[in-house]
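Let's take a friendly look at how some side chains pair up and where they sit. Keep the sequence and the structure in view as you read.

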Amino acid sequence: AADLNTLYMVYFPPGISITVDGLKSCVAFGAYHEAVSSTITPSNIFYGIMPDCGESFSGMTSVSSHEFAEAITDAIPTPGTHPAFPQAWNTAQGSEIGDLCEGHNTTLTGGGQTYTVQEIFTNSTNACATGTFTSP
């Protein structure tokens, strides 16, 4: 069931094209995150749309970590360059926490597996970083 602490990441197989606001996946965007409603309610559904753009598994984990971090900090993105509640993090140019670090990848290890993840921008260091992740 939907709640304020659940994020659904929806992965699509090769050959499926997603169009949103007239923009086509794998051409104008690689993935995105959104919510069903523009208000914070316990029944809102938060999701990430992850089309298969032909990237490797490492590429998909990098894109997934980018959208995951942005969905956590900006569950309901505000269009344009003037973020509004409930958006928590956005630059004046409209970039989110992952956009500023696109192409800055690193690896994290958990459960004996190593994954490629994208770094996110942290205000505390004024740079791209993985934060204080500790593997379980």
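This is a predicted model: local features need pLDDT of at least 70, side-chain atom pairs count only at pLDDT 80 or more; totals for chains, interfaces and linings use all residues.

Cys53 has a partner: a disulfide joins Cys26 to Cys53, with an S to S distance of 2.0 Å. The torsion about their S-S bond is about -85 degrees, so this disulfide is left-handed. Cys26 lies in the loop between β3 (23-24) and β4, while Cys53 lies in the loop between β5 and α1, so the pair ties together parts that are 27 residues apart in sequence. Cys26 is also partly exposed, with a relative accessible area of 38%.

## A second disulfide

How many disulfides are there by count? The count comes to 2 disulfides. The other bond to look for joins Cys101 to Cys128, with 2.1 Å from S to S. Here the torsion about the S-S bond is about -100 degrees, so the Cys101 and Cys128 disulfide is left-handed. The pair links distant parts of the chain, with Cys101 in the loop between α1 and β6 (105-110) and Cys128 in strand β9 (residues 127-129), 27 residues apart.

Is Cys101 buried or exposed? Cys101 counts as buried, because its relative accessibility is 0%. Cys128, at 22% relative accessible area, is partly exposed. If you number the bonded cysteines of the protein in sequence order, the pairing reads 1-2, 3-4.

## Aromatic pairs

Now for the rings. A pair of aromatic rings is described by the distance of the centres and the angle of the planes. This structure holds 2 aromatic pairs. One of them is formed by Phe29 and Tyr32, an edge-to-face pair at 5.6 Å centre to centre with 80 degrees between the planes. Phe29 and Tyr32 are both buried.

Phe57 and Tyr115 form a tilted pair, 6.5 Å centre to centre and with 55 degrees between the planes. This pair links distant parts of the chain: Phe57 is in helix α1 (residues 57-73) and Tyr115 in strand β7 (residues 113-118), 58 residues apart. Phe57 is exposed, with a relative accessible area of 60%, whereas Tyr115 is partly exposed at 34%.

Notes
Residues are numbered from 1 along each chain as its sequence is written. Side-chain values use heavy atoms; hydrogens and water are left out. Rings of Phe, Tyr and Trp (its six-membered ring) pair if their centres lie within 6.5 Å; planes under 30 degrees apart count as stacked, over 60 as edge-to-face and the rest as tilted. Buried means under 20% relative accessible area, exposed over 50%, partly exposed in between (1.4 Å probe, protein chains only). Helices (H or I, at least four residues) and strands (E, at least two) are DSSP runs, numbered from the N terminus. A disulfide is a pair of cysteine sulfur atoms within 2.5 Å.
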